[in-house]
Amino acid sequence: MTLPANVKTSPDYPVPEKMKAWVLGDPGELTLADKPVPVPAKAEVLVRIDAVAICATDLEIIHHGPPAQIHGGDPFNKNFTPGHEYMGTVVALGPGVDEYEIGERVTVEIHAGCGQCKRCRQGMYTSCHNYGKNYGDVDKGHRANGFTTDGGFAEYAVNNINTLVHVDDSMSDEEATLVVTAGTAMYGLTELGGLVAGESVVVTGPGPIGLMGAAVAKALGAQPVILTGTRDNRLEIGKQLGADHVINVRNEDVVEKVRELTGGKGVDYVVECAGAPNGVNEAAQMVNRGGKICLAAFPHNSPEVDVAYLVRNNIYLYGIRGEGKAATHRAEAFMRQKRFDSTLIHTHTFEMTDLEEALRYAKDRVEDAIKVVVKNKHAQAGKVAAE
Ligand SMILES: [Zn+2]
Ligand SMILES: [Zn+2]
């Protein structure tokens with residue numbers, strides 16, 4: 001492909017003119033289309049996408065729109081490609097980029113932000129004040145893969161260097177797609193003030209973020225780590241990932257059980273990943289006086305919260321969005337050291353061309369699916385060539 005002279009490529013990784021990319025039409029409608037391969041600008045690289053994990057938020061975007069925002073509105077019929085939990089290989093370097101090499105395996109975090117607002121400058125790029133402003137005369141250059149700019153259900157994507165995380169050779173492509181999930185859990189625990197070894201944690205909801213929350217909390221030295229949920233098979237995986245106790249909320253009174261496990265006081269932190277209707281009130285009952293609650297799920301309703309209870313007990317409430325403050329790098333460090341086995345939550349792999357079937361597995365939890373990954377064929381071909 002003819003690229004600007006200041007964009008570096010290598011004959012080992014030829015970059016084509018066009019690529020296959022899934023494009024969102026009407027709600028729920030995806031088609032595989034041809035798109036031009038994007039060109040990396042300053043501080044950007046071109047990533048050949050090798051594997052993408054499907055997230056509940058992808059399903060939300062594909063069927064309902066938000067939190068994706070394209071040209072200031074919903075993402076439908078705008079030639080938009082969703083998908084945000086991807087990893088791949090660097091195949092072209094934008095002008096001046098020397099932080100990464102061609103051929104390097106990377107996984108990417110979602111939000112680059114705009115890089116110039118107050119929150120981006122503080123490392124809180126997931127709370128960028130210019131979210132979605134990357135078009136027309138309001139162009140602040142905001143980027144969030146698969147949310148405000150094209151994402152990973154394609155063969156290639158450009159990424160800001162600040163969103164890249166080097167992937168160790170010991171990690172499979174599938175495992176590398178989970179770094180951002182573990183990074184979200186890590187960001188939650190960081191925002192609570194940073195867990196100190198020996199502090200106690202409840203994680204509610206054994207979805208991918210909740211399961212990684214239990215794993216990361218344990219890796220940080222939490223004691224005990226208590227995971228709550230409704231599905232025994234997922235709670236069992238939580239135990240393997242580091243939870244000291246699991247509580248099936250269908251069989252036991254969760255608040256009573258947490259208090260019993262903590263000498264009647266409750267835990268220091270609750271990470272709410274269930275988005276349950278009464279989640280905040282229950283979390284308040286599980287945390288001790290002066291404790292902290294992190295809200296990491298998107299509930300569908302607007303539940304009533306007992307604010308007076310929070311005030312009387314000096315309970316802190318934090319909301320987090322995604323994976324800020326370079327938390328993915330800290331998560332990757334734990335994964336590289338094999339401090340927990342994130343592959344336990346990867347259950348299915350499909351080819352990129354079978355994306356619709358992969359989405360169905362994720363949506364309907366077919367065969368107890370947790371994390372479903374789609375892979376591009378070129379990833380496999382590249383591996384054979386290298387061997
Ligand atoms: Zn996600
Ligand atoms: Zn910003």
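Residues are numbered from 1 along each chain as its sequence is written, while chains are lettered from A and ligands numbered from 1 in the order in which they are written. Because the model is predicted, local features need pLDDT of at least 70 and side-chain atom pairs count only at pLDDT 80 or more, whereas totals for chains, interfaces and linings use all residues.

Reader: Are helices α5 and α6 roughly parallel or roughly antiparallel?
Author: Helix α5 covers residues 208-219 and helix α6 covers residues 232-241, helices being DSSP runs of H or I with at least four residues, and strands runs of E with at least two, numbered from the N terminus. The two pack at an angle of about 25°, with their axes 8 Å apart, where axes are lines fitted to C-alpha atoms, for helices over the stretch in contact, and angles run from 0 to 180 degrees between N-to-C directions. Angles under 35 degrees count as roughly parallel, over 145 as roughly antiparallel, 65 to 115 as roughly perpendicular and the rest as oblique. The angle therefore makes α5 and α6 roughly parallel.

Reader: Is Ala43 buried, exposed or partly exposed?
Author: Ala43 lies in the loop between β2 (30-36) and β3 (44-53), and its phi is near 65°, a positive value in a residue other than glycine. A residue is buried if 20 or more other C-beta atoms, placed from the backbone, lie within 10 Å of its own, exposed if 12 or fewer, and partly exposed in between. Because Ala43 has 16 C-beta neighbours inside 10 Å, the residue counts as partly exposed.
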